[in-house]
Structures are given as C-alpha cells and as structure tokens.
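User: I would like a close look at one part of this model, its pockets, and then a brief walk through the rest.

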Amino acid sequence: MAEQGVVTRFAPSPTGFLHIGGARTALFNWLFARANGGTYLLRIEDTDRKRSTDAAIDAIFDGLNWLGLQSDEEPVFQFSRLSRHAEVAQALLDSGHAYHCYATPDELNEMREQQRAEGKPVRYDGRWRDRDPAEAPADVKPAVRLKAPQDGETIVRDLVQGDVTFRNDQLDDMILLRADGTPTYMLSVVVDDHDMNITHIIRGDDHLVNAARQSLIFQAMQWTIPAFAHIPLIHGPDGAKLSKRHGALGVDTYRDMGYLPEAMRNYLVRLGWSHGDEEIFTTEQAIAWFGLDSVGKGAARFDFQKLEHLNGHYVREADDSRLTDLVCERLQTEGETISETGRERIGALMPGLKERAKTIVELADSARFLLKSRPLTPDAKAAKLLSGDAPQILAGLREKLAGLEQWSVESIEGAVRDHADAHELKLGKVAQPLRAALTGTNTSPGIFDVLAVLGREETLGRLDDCV
C-alpha cells in the first residue's frame, strides 16, 4: 500500500445487523477510495466482548459482500490488537501525556451527582491529574487517563461540516485504559487508524465530538491527524431520526424484500450526496463523480417509494438469466418445486415479466403461475373474468388453438384475433378470460407470449379445466 495514497476504512461494531446507515457509510468510503485510486479497508470494532457476536460479524460480511463493498485487504479485528493499544497507552504515560487515575466507581458516581445537583456539566474533574501516585490507595487498580489541554481550542477541520471548534475545557481527561487493563474505544480507534495508514475518516456526524477527543490523542502521540468528513445522518420521511418503521432495517432485509444490490448502491449514494439532477447512474459513474465536496450538511430523508422506483428500473435493465436465477431461488425458499421445464418457462417469459415488476418478490409472484399444477385455483378477480359467457368463448377458442399446425406467438395471436372477429367480440373480451384461465390472475405478460411459453399441451389442459 502506497503511504501517500488515499486510504479509507469502514469500522462497524458487530453488535447487530449491518443497518442502512452503516451501509451508506461503507459505500461513501468505498467510493472515495475508488474515485481517488486509493484503498478501502474494513475494521471490525469488536472490543465490546459482551455485545459483539459472531452472528453480527457474519451479517456484516454478508451485507457488504451483497452490496459489492468487500475490503481491499484482509479485515482487521480490533480485539486482536489489545496489546498494541496498551503499548500506546504506556507510551502516553511515559511522555507525560497520560496519568494514572485511582478514583473508584463510587467516587466518580458521587462526583457526577454533585455536578448534576449544582447544574454543572457532568465531566471528570481531574482529581488525579496532578496528584502524587504515592498517595494512591493500595487496593485500587488505576485507570489511565489522557492529560488533555485545559485551555485553548481544538478545531476539527471537516471536509463536509467545515471547521468545527471545541473549547478544550469541555473535553475532559478521558479514560484510555480501564482499571482492568482493557483499552477504550477512543484509544483503540486512534491507534488502529494510525497503524492502518488511514488518510480519510468518513463517518456519521454523530462522531463529531469524538473527532475532537481523538485529535488530542493523535497530537499527544505526534501522529498525523487524518482528514475528517462527518456525513449527516439519515432521517425518515417525516424528518425524525430513522427508525425501523422508516426503513432502518438490516441490509439483508432489503435483499429479502427483493431489492437488487446495484439499486441499493444507487439509492444510498444519493442519500446525502448529489451530482446535479442525476438520479440514476451506474457504479462506474458514481466513482467518476464522487467527491466529499458534494455531500450535503443536512440530514438525508429515506424514501421507500424512490427506492422502489429505482429498483424497478434496475430490474428492467437486469440480465434475464440472472433474474431467472433470483426468481427460482426466491420461489424455492417459499416452498415451490422448480423442474427444468418450470425454469425454462420462467426464463422464456422473463422479458415480459420484468416489465411490470419493481422487486424480485413481485417478479417471483408474477412468475408463479408458470409452475402451478392443474387445475389452477383462480383468484377473485380471475374468477370473475371466468364467469358468465367466458366458458363458451374459451371452449370455441380451445378448438381453434388445438387445430394450429404451428405453435408460435404469431400463429396463436392470429387464432385468437380470428376467434374474436368471428364472434364479433373485442379482443379484450377473449384475451382477459384466456389470461384468467391460464394464469389464475388478471395480470400477466403479453397473453400470446404466455401461451407460447406454456406450450400447446399445458395451454389446452388449463383451458379444459375451465370449460
């Protein structure tokens, strides 16, 4: 890895699924690295052993793989680097930038209660900052705290938010190593970002205060501070913080709901970033256009309708054989048995099926009639179309179709139109009951294509069941 090149990282905590906000953060990091010929890395921040789970780690990898956002190098697991984090804490102690704090949990709770009672901000009061360790109680294991500057300001030079200033007297002496010797999130992140040569930290703007605190550790170690870019969070359509009712679901849920990864990438990149009025663009175009200067400062709003519209576009653009595989996979998970004939029928009719569908779920539902065993059970709308004089119309049509020498879209269409003309019927009066008889529903791709794909024997059999 060239040290001067751009290096970004996505650093999720494996305490749950890969949610939509995390997926967008990963995408922005991946795009920025690609746009600048750089490297995109993945770090699993699994130091919280009580909450980190293997299932969550698997879900993160699975979600990133589905979105096509795999790391350029082997992922780093933060927990495996504890000794390195402790080594840096010791270096800060040795240089006088950190100190041992012997305050007990009870003392700290009492301190906080008093601060609340007096209406003061709740923060560590520095009680062990300048005390002689010789005064330390023998039975208390110390934590290690950063000796942060107490006056002046820390400025986060943010590529999205601009310069953000924090008064140093508001940033207390944070813990680096807990009393049990385990490093805190703040220390681990800084050490890992430095050791991984991260040049740009792109993450949610809820980390802005963390950026100020982490800058102090970088400075104390005399390390180069990466460039920060804090992107706005995603809100629901009503402007409130994104919740499960808005769409704050795992990436795997969107896959199960029938969305395509390329549609998700296109949709997510437009949440908080724009390129003129462009709404639909390829991943290659996104890489060519992406820059942090076009990331907005305001929260983006999640809109299911836009996502669905976009997904419909990508379904229509997708390769038919790929869609056939996805549809068959979906139908199998729902208990359908798919024979070779069934797969061939779905593939043959895919050009017509995909024109109407917005998701793979819809596509699978619309293809289901191709697999059904006779006799079909029509739904309510189809049953209505099959009432009245429909059986008589279909009986005459069945005879005409049975006599066809060649079974093709053209010959089938000719026969249906001739039958309608002979009985002075509008085409729809024949085509709609025909559709209901063959599919069990009132919607399908072009009816002549349906007949051609079902084949002569199956078509005549399904008509026999209705007449």
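Which helices and strands each supply at least two residues of the lining of the largest pocket?

Analyst: This is a predicted model, in which local features need pLDDT of at least 70, side-chain atom pairs count only at pLDDT 80 or more, and totals for chains, interfaces and linings use all residues. Residues are numbered from 1 along each chain as its sequence is written, and side-chain values use heavy atoms, with hydrogens and water left out.

Three elements each give at least two lining residues to the largest pocket: β1 (7–10), α1 (20–35) and β9 (200–204). Helices (H or I, at least four residues) and strands (E, at least two) are DSSP runs, numbered from the N terminus. The largest share, six residues, comes from α1. In total, 30 residues line the largest pocket. Nearest its centre lie His19, Gly21, Gly22, Thr25 and Asp206. The volume is about 860 Å³. By class, the lining has 14 nonpolar, 10 polar and six charged residues. Here Ala, Val, Leu, Ile, Met, Phe, Trp, Tyr, Cys and Pro count as nonpolar, Asp, Glu, Lys and Arg as charged, and the others, Gly among them, as polar.

A pocket is an open set of points on a 1 Å grid over the protein atoms alone, where a 1.4 Å probe fits, with protein on both sides within 12 Å along at least five of seven lines; lining residues have an atom within 4 Å of a point. Grid points are joined across faces, edges and corners, and a volume is the space filled by probe spheres set on the points.

The second largest pocket holds about 290 Å³. Of its 14 lining residues, Thr47, Asp48, Arg49, Arg178 and Tyr185 are closest to the centre. Its lining divides into four nonpolar, five polar and five charged residues.

Next, the backbone. Asn197 lies in the loop between α5 (185–195) and β9. Its phi is near 60°, a positive value in a residue other than glycine. The peptide bond from Arg374 to Pro375 is cis, with omega near -5°. Pro375 sits in the loop between α13 (360–367) and α14 (380–385). Most residues other than glycine have a negative phi, and most peptide bonds are trans.

Now the helix packing. The axes of α11 (residues 320–333) and α12 (residues 340–353) are 9 Å apart, at an angle of about 130°. Axes are lines fitted to C-alpha atoms, for helices over the stretch in contact, and angles run from 0 to 180 degrees between N-to-C directions. α11 is therefore oblique to α12 (under 35 degrees is roughly parallel, over 145 roughly antiparallel, 65 to 115 roughly perpendicular, and the rest oblique). On the α11 side, the contact (heavy atoms within 4.5 Å) includes Leu323, Val327 and Leu331. On the α12 side, it includes Ile346, Gly347 and Met350. The contact residues divide into seven nonpolar, two polar and three charged.

Helices α16 (residues 409–422) and α18 (residues 447–466) come within 9 Å and cross at roughly 125°. That makes α16 oblique to α18. Val409, Ile412, Glu413 and Val416 of α16 meet Phe448, Asp449, Leu451 and Ala452 of α18. Six of these are nonpolar, none polar and two charged.
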